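The stops below each begin with something to select.

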Amino acid sequence: MQHLEPLRDWDEKTFIDLVRAWHRPMLHVAMAHTPSRAVAEEVVQETWLAVLEGIDRFEQRSSLKTWVFRILMNQAITKGVRERRTVPFSSLASAEASGDEPSVDPDRFIPGNAERAANHWKPAPLRPAPWPEEAVASRRDASAPAGGNRPVAAGSTCRHHPSRRRGLARGRGLRAPGRVGGQSARLVARARSKVRTSLASHLEVQQ
Amino acid sequence: MSALPEMPCRELVEIIPEYLEGGLSAGDRLRFEAHLGD
């Protein structure tokens, strides 16, 4: 326990000596419980902060090193679980932006080499009513107060679009997504498309 | 002056964000609006 009293006095040299001596093994232990070296480095730093904050409560039931590594393990396990549950939005956005994924499933369009209406919407598939967007709208209307604003359905409203052929009023289908610009706007559009696709599948299963 | 080529649906859905943000060229904007106005 030669380091204990100097550490309790926040002796800088003692602290630096311990960090130099234990940093590498601490990092290895942390990396075993965290998804990346960067997270493990954070865990080690947070462990040293916890050691300094808690050194006065250290009761010497174990060696100082054992105590420090126990704190490290707890920090690493907690942080590791949290990190694995979290998917950074930036990683999703970069994955979306880096690919050439179309906004709408290409199967929704007539092939580009078709003689007529190439690259326009395919005729609406035969599915039992209500359509997904209508089903959601009717549920929303049933619970909304009378006279409230009714959000428009997303999607284009060209003459080929299935919503036109089903007689929906023009202008219901296109609305600015707020002040989202450039690449963000494209990502928002793709996100809408994915939500719409997922919603359609979900409602199909329910019918 | 030659007529602007028609904008197919597949192209339109990819440039909706640019249209809403005013980022399209004059020609593409005309094609976009002609498509919706049909």
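How close do the axes of helix α2 of chain A and helix α4 of chain A come, and at what angle do they cross? Select residues 12–31 for α2(A) and residues 64–85 for α4(A): the axes come within 11 Å and cross at roughly 40°. Axes here are lines fitted to C-alpha atoms, for helices over the stretch in contact, and angles run from 0 to 180 degrees between N-to-C directions. Helices (H or I, at least four residues) and strands (E, at least two) are DSSP runs, numbered from the N terminus.

This is a predicted model, in which local features need pLDDT of at least 70 and side-chain atom pairs count only at pLDDT 80 or more, while totals for chains, interfaces and linings use all residues. Residues are numbered from 1 along each chain as its sequence is written, chains are lettered from A and ligands numbered from 1 in the order in which they are written, and side-chain values use heavy atoms, with hydrogens and water left out.

**Stop 1: α2(A) against α4(A)**

α2(A) passes α4(A) in a right-handed crossing; a crossing is left-handed if the near helix is turned anticlockwise from the far one by less than a right angle, and right-handed if clockwise.

Show side chains next. From α2(A), select Leu18(A), Trp22(A), Pro25(A), Met26(A), Val29(A) and Ala30(A). They meet Leu64(A), Lys65(A), Val68(A), Phe69(A), Leu72(A), Met73(A) and Ala76(A) in α4(A), where contact means heavy atoms within 4.5 Å. By class, this contact of α2(A) with α4(A) has 12 nonpolar, no polar and 1 charged residues. Ala, Val, Leu, Ile, Met, Phe, Trp, Tyr, Cys and Pro count as nonpolar, Asp, Glu, Lys and Arg as charged, and the others, Gly among them, as polar.

**Stop 2**

Which residues of α3(A) and α4(A) make their contact? The axes of α3(A) and α4(A) come within 9 Å and cross at roughly 135°, and the two helices are therefore oblique to each other. Their crossing is right-handed. On the α3(A) side, select Val39(A), Glu42(A), Val43(A), Val44(A), Glu46(A), Thr47(A), Ala50(A), Val51(A) and Gly54(A). On the α4(A) side, select Trp67(A), Val68(A), Ile71(A), Leu72(A), Gln75(A), Ala76(A), Lys79(A) and Glu83(A). The contact of α3(A) with α4(A) comprises 10 nonpolar, 3 polar and 4 charged residues.

Now pair α3(A) with α2(A). These helices pack at an angle of about 135°, with their axes 9 Å apart, which makes α2(A) oblique to α3(A). This crossing, of α2(A) and α3(A), is right-handed. Residues in the contact include Phe15(A), Val19(A) and His23(A) of α2(A), and Arg37(A), Glu41(A) and Trp48(A) of α3(A). By class, the contact of α2(A) with α3(A) has 13 nonpolar, 2 polar and 2 charged residues.

**Stop 3: the cores**

Select Trp22(A), Met26(A), Leu64(A) and Trp67(A): of the 22 residues in the largest nonpolar core, these touch the most other members. A nonpolar core is a set of buried Ala, Val, Leu, Ile, Met, Phe, Trp, Tyr and Cys residues joined through side-chain atoms within 4.5 Å. Buried means under 20% relative accessible area, exposed over 50%, partly exposed in between (1.4 Å probe, protein chains only). The elements giving two or more residues to this core are α1 (4–8), α2, α3 (37–54) and α4 of chain A. α4(A) gives the most to this core, with 7 residues. Apart from it lies another core, of 8 residues, among them Met7(B), Leu12(B), Ile15(B) and Tyr19(B).

**Stop 4: single residues**

Is Thr14(A) buried or exposed? Thr14(A), in helix α2 of chain A, is buried, with a relative accessible area of 10%. Not counting residues up to four places away in sequence, Thr14(A) touches His3(A), Pro6(A) and Leu7(A).

Move to Trp10(A), in the loop between α1 and α2 of chain A. Trp10(A) is exposed, with a relative accessible area of 56%, and has a positive phi of about 55° although it is not a glycine. Asn119(A) also has a positive phi, of about 65°, and sits in the loop between α5 (89–98) and α6 (132–143) of chain A.

Finish on chain B with Glu14(B), in helix α1 (residues 9–20). Glu14(B) counts as buried at 19% relative accessibility. Leaving aside its neighbours within four places in sequence, Glu14(B) is in contact with Pro102(A), Ser103(A), Val104(A) and Arg186(A).

Note on methods
Angles under 35 degrees count as roughly parallel, over 145 as roughly antiparallel, 65 to 115 as roughly perpendicular and the rest as oblique.
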